[in-house]
Amino acid sequence: MRALRALRSLRSGFFASLLAGVVTAGSPLVAAPAAQAADIPLRDLADAKGKVIGTAVTGSKLTGTYGEIAGREFNSLTPGNAMKWGSVEPSRGSHDWAEADRIVDFAEAHGQQVRGHTLLWHQQNPGWLTNGSWTRDQLSAIVQDHIATEVGRYKGRLAAWDVVNEPFNEDGTFRPTLFHDSLGQDYIAQALTWARAADPGTKLYINDYNVEGVNAKSTALYNLVKSLKERGVPIDGVGLQAHLIVGQVPSTLQQNIQRFADLGVDVAITELDIRMQLPATEAKLTQQAADYKAVMNACVAVARCVGATVWGFTDSDSWIPDTFPGQGAATPYDENHSPKPAYHAIAEALGGTTTPPPTGACTATYGVTSQWSTGYTGQVRIACSGAGLSSWKANWTFGAGQRITQAWNASCSQSGAAVSCVNASYNGSVPDGGSVTFGFNGSWSGSNPVPVVALG
């Protein structure tokens, strides 16, 4: 852990000094409120502010582009499912740590911290636990052993644990669960105490959803934390999950963060995503970017808000579509791992500087490379002279009903005759004097005029 801290300190110090003078040229993304995120990864912007920018991950996917982005952009990882009780102890006394270990090992190899998630929750518990018939003393011993075993396994390696997850109903009453109903509401204090004994160095949190603004549920959480602090129960922080809807960031978010901080605990945005009704449109993406920035700004404004973790960084690894049919596009990257306006909004909230290139410095040229009776292959070349881009978006309007059927090196969408293409994650950078290309197949009928491409 000392080596990890040294690495983080080195990165943070270097990029803090770099940020003092960085100016990055870039073309504005349509739907982004400001021009362009800097070429500095999110994690280094966050390090420079002393904040966490994390992501939930699936351990088996930590290879290729997914792994490259997870390692480059984030300074903290949360196992999305790998540390839940049902995953680690599917049969009583028989543990499976492979997926959780993979995530922790990846994080340590990339100088990242890990947030443990979660020890006690009313969902995703093993069948042997939920179907058992336990006395109070038996269940208490089982819970204590579970916490001691899992927290103890990663002792000294995890920055924080979500010890108790979602203990409240919407009206602020305690949620009826196996743990609450069998052990009483003091199960929370007991779990925190057992977790502290298993790893005195990790931060202990209570985590819940719909507690981002000031309301009955967040007030119940506030009163619980206040009571635990007064009783001397080990509690280091609260997690505000922040599974939000576009256009609905609570106006009292910063006020709520501050009141928890005033209790003497840390606050973390633990599961941030901002979903929308599909399909995604530029207007919705614009609002989503503003919402992400509002959440990040609220956290940055409060010293004891340690940072934010997005609940999956790419739409291809998001829980939203399966849980909320017809909704999605909730994360900072699209399904092709290309950054969305939300990504740039996060960067700006963390202090990324943006500067558009001089007018005419970067241009896009459309060409048809081959054509047949009903289809054709097209290519767009983006070139810069006198400035560079750190990402780009190309827009045009077809004049004769052409339609794109497949694209490569870019993520393209078409609405009517209007086409919009955004760089893939690996080719967003166009240096001064350099160029990139992307291509596509399309259909045509009658004529195939060449449109004018604008960099948005």
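Predicted model: local features only at pLDDT ≥ 70, side-chain atom pairs only at ≥ 80, totals over all residues.

Residues are numbered from 1 along each chain as its sequence is written, and side-chain values use heavy atoms, with hydrogens and water left out.

Q: How many helices and strands does the secondary structure of the chain come to?
A: The chain comes to 14 helices and 18 strands, where helices (H or I, at least four residues) and strands (E, at least two) are DSSP runs that are numbered from the N terminus. Buried residues make up 55% of its 456 residues, and buried here means under 20% relative accessible area, exposed means over 50%, and partly exposed lies in between (1.4 Å probe, protein chains only).

Q: Why is Glu271 called buried?
A: Glu271 has a relative accessible area of 5%, and the word buried applies under 20%, so Glu271 counts as buried. Its place is in strand β8, residues 266-277, and the UniProt annotation "active site", from an unreviewed entry, covers this residue; such positions are given in the numbering used here, feature names are shortened, and annotations may be inferred rather than shown by experiment.

Q: What is Glu271 in contact with, leaving aside its neighbours within four places in sequence?
A: Contact means heavy atoms within 4.5 Å, and on that basis Glu271 is in contact with His117, Asn165, Asn207, Leu240, Gln241, Ala242, His243, Thr309 and Trp311.

Q: What makes Val114 count as buried?
A: Val114, which lies in strand β3 (residues 113-120), has a relative accessibility of 2%, and because the limit for buried is under 20%, Val114 is counted as buried. Leaving aside neighbours within four places in sequence, Val114 is in contact with Leu77, Pro79, Val104, Ala107, Leu158, Ala159 and Ala160.

Q: Is Gly172 buried or exposed, and what is the value behind the word?
A: Gly172 has a relative accessible area of 18%, and since buried means under 20%, Gly172 is buried. The residue sits in the loop between β4 (160-165) and α8 (178-183), and, not counting residues up to four places away in sequence, it touches Ala216, Lys217 and Ala220. The C-alpha atoms of Gly172 and Thr219, which are 47 residues apart along the chain, are separated by 7.3 Å.

Q: Why does Asn210 count as partly exposed?
A: The relative accessibility of Asn210 is 32%, which falls between the 20% and 50% limits, so the residue counts as partly exposed. Asn210 is found in the loop between β5 (203-208) and α10, and it has a positive phi of about 55 degrees although it is not a glycine.

Q: How are two packed helices described?
A: They are described by the angle between their axes and the distance between the axes. Axes are lines fitted to C-alpha atoms, for helices over the stretch in contact, and angles run from 0 to 180 degrees between N-to-C directions.

Q: Why are α12 and α14 called roughly parallel?
A: Helix α12 (residues 282-300) and helix α14 (residues 341-349) pack at an angle of about 25 degrees, with their axes 8 Å apart. Angles under 35 degrees count as roughly parallel, over 145 as roughly antiparallel, 65 to 115 as roughly perpendicular and the rest as oblique, and therefore α12 and α14 are roughly parallel to each other.

Q: What makes α9 oblique to α10?
A: Helix α9 (residues 187-198) and helix α10 (residues 216-231) pack at an angle of about 55 degrees, with their axes 11 Å apart. That angle makes α9 oblique to α10. Their contact is made by Ile188, Ala189 and Leu192 of α9 together with Leu224, Leu228 and Arg231 of α10.
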